[in-house]
Amino acid sequence: MLPIAVASPATAAPQQNAYVANFGSATVSVINSATQTVTATIPVGTNPSGVAVAPNGARAYVSNYGDNNVSVIDTSTNTVTTAIPVGNGPVGLAITPDGSHVYVADSTDAAVAVIDTSTNTVTATVPAGGNDVAVSITPDGTRAYVVNNAGNSVTVIDTSTNTVIATIPVGGTPDFAAITPDGARAYVTNSADNTVSVIDTSTNTVTTTIPVGLGPWGAAVTLDGARVYVSNFTDNTVSVISTATNVVTATITGFNGPALVVINADGSQAYIGNFNDAAVSVIDTTSNTVTGTIGVGNNPYGMAFGPAVAGGPKLTIAKSHPGRKFTRGAIGTYRIIVGNAAGASATNGSTVTVHDTLPAGLHATRIGGPGWHCVLATLTCTRSSVLAPGHSYPPITLRSRISRTAPNHVTNTATVTGGGDPTTHTATDLTQIRPAPRCNRPQTRCKQGSGASAV
């Protein structure tokens, strides 16, 4: 595996997770784009080829060429929850903008399988051309463009009826189609001709052909629609096409069998899988230079970004106590729960520290929780395990003896810091203290509860 070269601050970008299908390792690598490190490696099926992430980021779909199925990854846990049987030799796949359907190119069957994501079952099979290797869907979700590698054509499917409405001749051995953000054009790589065909999607005809490098394979359009990045597998370069003129304006070197291309949320970075290396290259699209190399599994092929995450991890802390009152002379129990806000990124593995400050009249007797390292003397608990968005750590329990002179109301305060969140978060809990129970008989000694006596 290649060493990791972290990008310079000039290429800082919104945090996203990139999912990389490692064809030769039967795994998917998850890359945190903010740190440019692999945060998880997920076993999937044999020869994973394509990746598509649901618009809400909750699931990733991976086509397994050797197993004739699609793995469904729960991105909150980075585990495969099911495998969906499809046709033979699935390669590329794409998900509709509303997340309702996944279109899978079954290369051996010359067909496209349509998965309903609500049931994770195939609900339609649409005939296409020969050796279907890639699918791209228009931004409005109305059409799917299927690249027919052996048919030298692109099949257009109406997604409302799942019927073929056009077949477009392109160049020799097409491999991929990238659609502009406005849906007006599709750029198709032709690996045998060393060209890119430009399709006018309003007429479904080729309007121009652009010479690029040798063996063009993948392509991606920047979000402003101004440029197309094309990976040239044979000569180990990336061509940059201006969509205004449809000519190559830059050629980037330094790759080893560049495969598919994806571009991040703000268009500042392009990720290129190096099929002949176990590595992903990161291009700064401002300077068109390679600024980082990230080691992944063998033969990285398909890739997809999840949605952008604003602000990194966002810790939360909640403080409560069982019941509404504590009793003087007894034991009271507080519960502290630390979470990571839904929509944030996972914590980065640095130490998360919780500190509690008991009010006057309360004296701690025990503090702890599963997975936490707690010190009673300082009422501090720490851990460094990564916490996914929308999840919480196991609760911390703090037990304290309530003084017979404690005031009627006290406020307990707890803070949490760390995990990659620069903010200190605070939770308070207003607690009512009730009097100790009275003795019914003067000669009888009153028994004070030895456990929690809150009600």
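At 4% relative accessibility, Ile252 counts as buried, and that is a handy place to begin a tour of this predicted model. From there we will visit a four-stranded sheet, two nonpolar cores, a disulfide and a salt bridge.

- Ile252 belongs to strand E23, which covers residues 247-253.
- Ile252 is classed as buried because its relative accessibility of 4% falls under the 20% cut-off.
- Leaving aside residues up to four places away in sequence, Ile252 touches Tyr229, Asn236, Thr237, Val238, Val240, Ile283, Asn288 and Val290.
- For a sense of distance, Ile252 and Thr380 are separated by 128 residues in sequence and by 52 Å in space, C-alpha to C-alpha.

**The sheet E16 to E19**

- Four strands make an open sheet in the order E16-E17-E18-E19, and their pairing is antiparallel.
- At the edges sit strand E16 (174-179) and strand E19 (205-211), each of which pairs on one side only.
- On average, neighbouring strands of this sheet are turned by 25° against each other, direction ignored.
- Strand E17 (residues 185-190) and strand E18 (residues 195-200) are joined in the antiparallel sense by 6 bridges.
- Within that pairing, Ala186 has Ile199 of E18 as its bridge partner.

**The nonpolar cores**

- As background, nonpolar side chains tend to be buried together in soluble globular proteins.
- The largest nonpolar core here holds 32 residues, and Val154, Val196, Ile199, Ile210, Val228, Ile241 and Tyr301 are those with the most contacts inside it.
- E16 gives the most to this core, contributing 4 residues.
- Another core, of 26 residues, lies apart from the largest one, and its members include Cys374, Ile402, Ala406 and Ala427.

- Strand E32 (residues 352-357) pairs with strand E37 (residues 409-418) in the antiparallel sense, over 6 bridges.
- In this pairing, Thr353 stands opposite Thr417 in E37.
- E37 also runs antiparallel to strand E38 (residues 421-434), with 9 bridges joining the two.
- Here another threonine pair turns up, as Thr413 stands opposite Thr428 in E38.
- E37 and E38 form a hairpin with 2 residues between the strands, and Gly419 takes a positive phi near 70° there.

**The disulfide**

- Searching the whole structure gives 1 disulfide.
- That link joins Cys374 and Cys381, whose sulfur atoms are 2.0 Å apart.
- The Cys374 and Cys381 link is right-handed, with 115° about the S-S bond.
- Cys381 has a relative accessible area of 0%, so Cys381 is buried.

**The salt bridge**

- Side chains of opposite charge can pair when their charged atoms come close.
- The whole structure contains 1 salt bridge by this search.
- Asp356 and Lys319 form the salt bridge, with the closest N and O atoms 2.7 Å apart.
- This pair links distant parts of the chain, 37 residues apart: Asp356 is in strand E32, while Lys319 is in strand E29 (residues 315-320).
- Asp356 and Lys319 are both buried.

Terms used
Residues are numbered from 1 along each chain as its sequence is written. This is a predicted model: local features need pLDDT of at least 70, side-chain atom pairs count only at pLDDT 80 or more; totals for chains, interfaces and linings use all residues. Side-chain values use heavy atoms; hydrogens and water are left out. Two strands pair if DSSP finds at least two bridges between them. Axes are lines fitted to C-alpha atoms, for helices over the stretch in contact, and angles run from 0 to 180 degrees between N-to-C directions. A disulfide is a pair of cysteine sulfur atoms within 2.5 Å. Buried means under 20% relative accessible area, exposed over 50%, partly exposed in between (1.4 Å probe, protein chains only). A nonpolar core is a set of buried Ala, Val, Leu, Ile, Met, Phe, Trp, Tyr and Cys residues joined through side-chain atoms within 4.5 Å. A salt bridge is a side-chain nitrogen of Lys or Arg within 4 Å of a carboxyl oxygen of Asp or Glu. Contact means heavy atoms within 4.5 Å.
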